[in-house]
Amino acid sequence: YSGAAQQQGHPIYGHGGMSLADEWRDGMRTLHGFYSAGFPNLFHMGGSQNGLAFNLTYCLDEQAEHIAEVLKVAEQRGATLVEPTAAAEAEWVATIRAKDKSFQDFQRDCTPGNFNDEGKIGDRISRSDEYYGAGPIAFYALIRDWREEGMAGLTIA
């Protein structure tokens, strides 16, 4: 997990000077695919550890709406920090790995590229195919409900 920012010479650093690339060297860890413990006010967008669909416009629209709603709550509270707890992050990663519909067999047969770690499926813990196993519609319903129920595990201060 070097990430585009790292590859372009713009590494992301969190608390204590830890880079996101180093933090994720053994696999991506997020809460809902959006936030990482130790990296306040950093919002991820994309397909990993959330509800990926083939219609990327749909996914990005849902993700933008979600982030806007979280930021709205932060603004209402006068908060300057949005960050998940390590426990919430660990629980979500466990959920993803339990529900993940692995595409590894399919990806092993595909032309090497970004979606299959350049053909190195299984060579390391990359988890580039970690998606919410119940699908994107269920995932976006889950995070809407999570917001309505108070956003447990997300520190907004």
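Entry one, the helix pair. I am working from a predicted model, and I started with helix α3 (residues 56-77) and helix α6 (residues 136-148), which pack at an angle of about 5°. Their axes lie 11 Å apart. Angles under 35 degrees count as roughly parallel, so I noted α3 as roughly parallel to α6.

Next I asked myself which residues make the contact between α3 and α6. From α3, I listed Tyr58, Cys59, Glu62, Gln63, His66, Glu69 and Val70. From α6, I wrote down Pro136, Ile137, Tyr140, Ile143, Arg144, Trp146 and Arg147. I then sorted the residues of this contact by type: 8 are nonpolar, 2 polar and 4 charged.

Entry two, histidine 32. I found this residue in the loop between α2 (20-23) and α3. Is histidine 32 buried or exposed? Its relative accessible area is 4%, and buried means under 20%, so I put histidine 32 down as buried. Not counting residues up to four places away in sequence, histidine 32 touches Gln49, Asn50, Trp92, Phe139, Leu142, Ile143 and Trp146.

I located leucine 31 in the loop between α2 and α3, and its relative accessible area of 4% makes it buried. What does leucine 31 contact, leaving aside neighbours within four places in sequence? My list reads Pro84, Ala88, Glu89, Trp92, Trp146, Gly153 and Leu154. I also checked leucine 31 against glutamine 49: they are 18 residues apart in sequence and 8.0 Å apart in space, C-alpha to C-alpha.

Methods:
Residues numbered from 1 in each chain as written. Predicted model: local features only at pLDDT ≥ 70, side-chain atom pairs only at ≥ 80, totals over all residues. Heavy atoms only, no water. Axes fitted to C-alpha atoms, helices over the stretch in contact; angles between N-to-C directions. Helix = DSSP H or I, 4+ residues; strand = E, 2+ residues; numbered from the N terminus. Parallel < 35°, antiparallel > 145°, perpendicular 65-115°, else oblique. Contact = heavy atoms within 4.5 Å. Nonpolar A, V, L, I, M, F, W, Y, C, P; charged D, E, K, R; others polar. Buried < 20%, exposed > 50% of the residue type's maximum accessible area, 1.4 Å probe, protein only.
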